[in-house]
Amino acid sequence: MANILIVSGHTNLDDSVANKEILYRLKELLPDLEFDLLSELYPDYKIDVEKEQEKLKKADIIVLQYPIFWYSMPSLLEKWMEEVFQHGFSHGTTGDKLKGKKLIISFTTGAPEEAYTKEGRMAYTIEDFLNPIKATCKQCQMVYYGAVKTYGVSYQIRQEKSKEIKEKALKHAKELAEMLKEIKNDQ
Ligand SMILES: Cc1cc2nc3c(=O)[nH]c(=O)nc-3n(C[C@H](O)[C@H](O)[C@H](O)COP(=O)(O)O)c2cc1C
């Protein structure tokens, strides 16, 4: 049985609609997942590197769940990666602890899908912004399995559109759960 670790990188889940709902629905859909809620474990941003490395070692599949902040990961998730993915652990000549593990990224954006084109408001496609993660996978000998994306769930519309956001989050969780089942069946 594959071990699946969901790392939640939202900086404040109390103030989230989309990511909170995705995590909640995912737990309902696949009860054996392990959840690593960084904002609850490390509200002070002081990451227990050894503990996090142990969780990663046990996992066969790692999912990074986060909202896009400034075209990238939120600061807490970025810090987690900077500290936990150490030379000699994840990369470098003797760093092979993540080798062969599958990585899925699962994220939400505020901007609508049509903004993420060369001609659109964001001036780049969403795939362009995923290149650093794909390069990280290569550097750490992980397998980049794919991304699950939900666009247009900005915090600015969370009051008046919370029902629509929750519906999108449920669809997102179902898509991610299907992807995880597919990998589990392949293993
Ligand atoms: C600091 C900050 C930066 C953001 N940067 C982006 C961005 O670069 N692109 C984008 O589409 N949305 C951006 N957003 C919108 C968030 O992605 C959106 O509010 C989030 O996905 C909603 O998820 P939540 O309800 O779980 O918080 C940003 C939001 C914040 C607070």
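Q: Why are α1 and α7 called oblique to each other?
A: In this predicted model, local features need pLDDT of at least 70, side-chain atom pairs count only at pLDDT 80 or more, and totals for chains, interfaces and linings use all residues. The axes of α1 (residues 18-29) and α7 (residues 162-186) cross at roughly 45 degrees. Angles under 35 degrees count as roughly parallel, over 145 as roughly antiparallel, 65 to 115 as roughly perpendicular, and the rest as oblique. α1 and α7 are therefore oblique.

Q: What is the handedness of the crossing of α1 and α7?
A: Right-handed. That term applies if the near helix is turned clockwise from the far one by less than a right angle.

Q: Which residues in α1 meet α7?
A: Ala18, Glu21, Ile22, Arg25, Leu26 and Leu29 do, with partners including Ile165, Ala169 and Ala173 in α7. Contact means heavy atoms within 4.5 Å. The residues of this contact divide into 10 nonpolar, one polar and four charged.

Q: What makes a set of residues a nonpolar core?
A: Its members are buried Ala, Val, Leu, Ile, Met, Phe, Trp, Tyr and Cys residues, joined through side-chain atoms within 4.5 Å. Buried means under 20% relative accessible area (1.4 Å probe, protein chains only). Side-chain values use heavy atoms, without hydrogens and water, and residues are numbered from 1 along each chain. The largest such core has 36 residues. Leu56, Leu64, Tyr66, Trp80, Phe85 and Ile105 have the most contacts inside it.

Q: Which element supplies the largest share of this core?
A: α4, with five residues.

How values were computed: Axes are lines fitted to C-alpha atoms, for helices over the stretch in contact, and angles run from 0 to 180 degrees between N-to-C directions. Helices (H or I, at least four residues) and strands (E, at least two) are DSSP runs, numbered from the N terminus. Ala, Val, Leu, Ile, Met, Phe, Trp, Tyr, Cys and Pro count as nonpolar, Asp, Glu, Lys and Arg as charged, and the others, Gly among them, as polar. Buried means under 20% relative accessible area, exposed over 50%, partly exposed in between (1.4 Å probe, protein chains only).
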